[in-house]
Every structure is written in structure tokens, then in C-alpha cells.
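Trainee: Please take a single part of this model and go through it closely. I would like the cut-offs stated along the way.

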Amino acid sequence: MIALVDERSALVADGDHRRFDRPKRKNVLHLEPLGFRSDEVASSLQDTGRVTNAKLRYAIEAAERRLEAHAEEKGE
């Protein structure tokens, strides 16, 4: 998620199919929080108001690796 628009909508981007400069508006009820965030993406957004698509892709890949490792620990 890039930003909350209001209490019902969020802007999402993946840096690949959906780039930062053209995020998709999604209903927050259709999103599942994962419980962690990328400090690199957060600091870039806070400092400049922007983030590179490469950073988004890297953060998503790192999150996927963490989720896979957690699933393996649980035996799923």
C-alpha cells in the first residue's frame, strides 16, 4: 500500500505492473494486512514523497520471502 486515501480507500502499487506514478485505488476491505512494513519504502516516502519502482519490487520480494519462511516454520 502506498497511501490511505480515506477510511475506505487505499492506493496500491507493486512497482512492476502497477507503477508508483499510477497506483490503483482499492477498497481497504479487500486488502489483507501482513503485519510488517518496509523501512526503506517508508523513509523514502517520508523524505521525498516518492519511492522508486525498484524499491517497491524489492520490498515486495522481501515480504514474500518472509511469508514463505514463516509458513515453513509452521509446517504449512
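Mentor: What follows takes the sheet as the part to examine, and then its surroundings.

The model is predicted, so to speak of local features requires pLDDT of at least 70 and side-chain atom pairs count only at pLDDT 80 or more, while totals for chains, interfaces and linings use all residues. Residues are numbered from 1 along each chain as its sequence is written, and side-chain values use heavy atoms, with hydrogens and water left out.

The chain contains two helices and three strands, where helices (H or I, at least four residues) and strands (E, at least two) are DSSP runs numbered from the N terminus. In sequence order the pattern is β-β-β-α-α. The three strands make an open sheet in the order 1-2-3, with antiparallel pairing; two strands pair if DSSP finds at least two bridges between them. Strand 1 (3–4) and strand 3 (24–27) are at the edges with a single partner strand each, so one side of each has no neighbour in the sheet.

Strand 1 and strand 2 run antiparallel and are joined by two bridges. They form a hairpin, with four residues between them.

Ser 9 belongs to strand 2 and is buried at a relative accessible area of 12%; buried means under 20% relative accessible area, exposed over 50%, and partly exposed in between, with a 1.4 Å probe and protein chains only. With neighbours within four places in sequence left aside, Ser 9 is in contact (heavy atoms within 4.5 Å) with Leu 4, Arg 25, Lys 26 and Val 28. Val 12 is also in strand 2 and counts as buried, at 18% relative accessibility. Not counting residues up to four places away in sequence, Val 12 touches Met 1, Ile 2, Arg 18, Pro 23, Lys 24, Lys 26 and Leu 31. Leu 34 is 22 residues from Val 12 along the chain, and the two C-alpha atoms are separated by 14 Å.

Next comes the connection between strand 2 and strand 3. Asp 21 is placed in this loop and is exposed, with a relative accessible area of 54%. Its C-alpha atom is 9.0 Å from that of Asn 53, across 32 residues of sequence. Phe 20 is in contact with Ile 2, Ala 13, Leu 45, Gly 49, Arg 50, Val 51, Asn 53 and Leu 56, again leaving aside neighbours within four places in sequence.

Phe 20 is also part of the largest nonpolar core, which has seven residues: Ile 2, Ala 13, Phe 20, Val 41, Val 51, Leu 56 and Ala 59. A nonpolar core here is a set of buried Ala, Val, Leu, Ile, Met, Phe, Trp, Tyr and Cys residues joined through side-chain atoms within 4.5 Å.

On the helical part of the chain, Ser 44 lies in helix 1 (residues 39–48) and counts as buried at 12% relative accessibility. Ser 44 touches Gly 49, Arg 50, Val 51 and Lys 55, not counting residues up to four places away in sequence. Ser 44 and Lys 55 are 11 residues apart in sequence and 9.2 Å apart C-alpha to C-alpha.

One ring contact involves a charge: the charged end of Arg 66 sits over the ring of Phe 36, 4.1 Å from its centre. The rule asks for NZ of Lys or CZ of Arg within 6 Å of the ring centre and within 35 degrees of the ring normal.

For the chain as a whole, buried residues make up 18% of its 76 residues. Of the contacts with a separation of 6 or more, 33% are between residues 24 or more positions apart. The C-alpha trace spans about 40 × 25 × 20 Å along its principal axes.
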